[in-house]
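Welcome! Please take a look at the sequence and the structure below, and then let us walk through a few of the features together.

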Amino acid sequence: MARIPSVAAVVVMGVSGAGKSTVGRLIAARLDCAFRDADSFHPKANIEKMASGQPLTDEDRWPWLCAIAMWIEEHRAAGTTCVVTCSALKRRYRDLVTDNQRTDVRLVYLKGDIELIEARLKARTGHFMPPALLRSQFDALEEPRTDEHAITVPIDKMPEEIAGDAIKALL
């Protein structure tokens, strides 16, 4: 596993359909480090709830966010860099995942407008997140503030370019 100097984790964040999984995998591959999609941390009940069209509550999210934070901590302790996706829509979620904004956990915010993301969600197959929940994600989204030192990357390019822009900003 590789290590970016002074970076234990890269958290690729944004609403569903922004391209977190695709871009996160590309970043991890280019950095030769571990990757994990946030969906793999969800308990079955969360996936079933979202698949039925119900948004998650904070009570649903806390165990999921804690599991992501623990995975990041494992990499920090091992001295390796990891890339993980996480919607991280609210500041309090990001504070948990980043261990209260530790400087060695970097946020990459994939930012796009609802029309573009809705079109992507409608074209996507085999995912449990229905396009009908997109509005609730935008409603819940608290964009990162300057004190969070997030890297904001527009998603109106090809995934390889988005990943490249994020990596340039990380290094």
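## A strand and its partners

Strand β1 (residues 9-13) and strand β3 (residues 82-85) pair in the parallel sense over four bridges; pairing requires at least two bridges found by DSSP between two strands. In this pairing, alanine 9 lies opposite cysteine 82 of β3. On β1 there are also five bridges to strand β4 (residues 105-111), again running parallel, and here valine 10 faces arginine 106. Strands are DSSP runs of E with at least two residues, helices are runs of H or I with at least four, and both are numbered from the N terminus.

## About the model

This is a predicted model, in which local features need pLDDT of at least 70 and side-chain atom pairs count only at pLDDT 80 or more, while totals for chains, interfaces and linings use all residues. Residues are numbered from 1 along each chain as its sequence is written, and side-chain values use heavy atoms, leaving out hydrogens and water.

## Is β1 buried or exposed?

Five of the five residues of β1 are buried, so the strand is largely enclosed by the rest of the structure. Buried means under 20% relative accessible area, exposed over 50%, and partly exposed in between, with a 1.4 Å probe and protein chains only. Both faces are covered: Ala9, Val11 and Met13 are buried on one side, Val10 and Val12 on the other.
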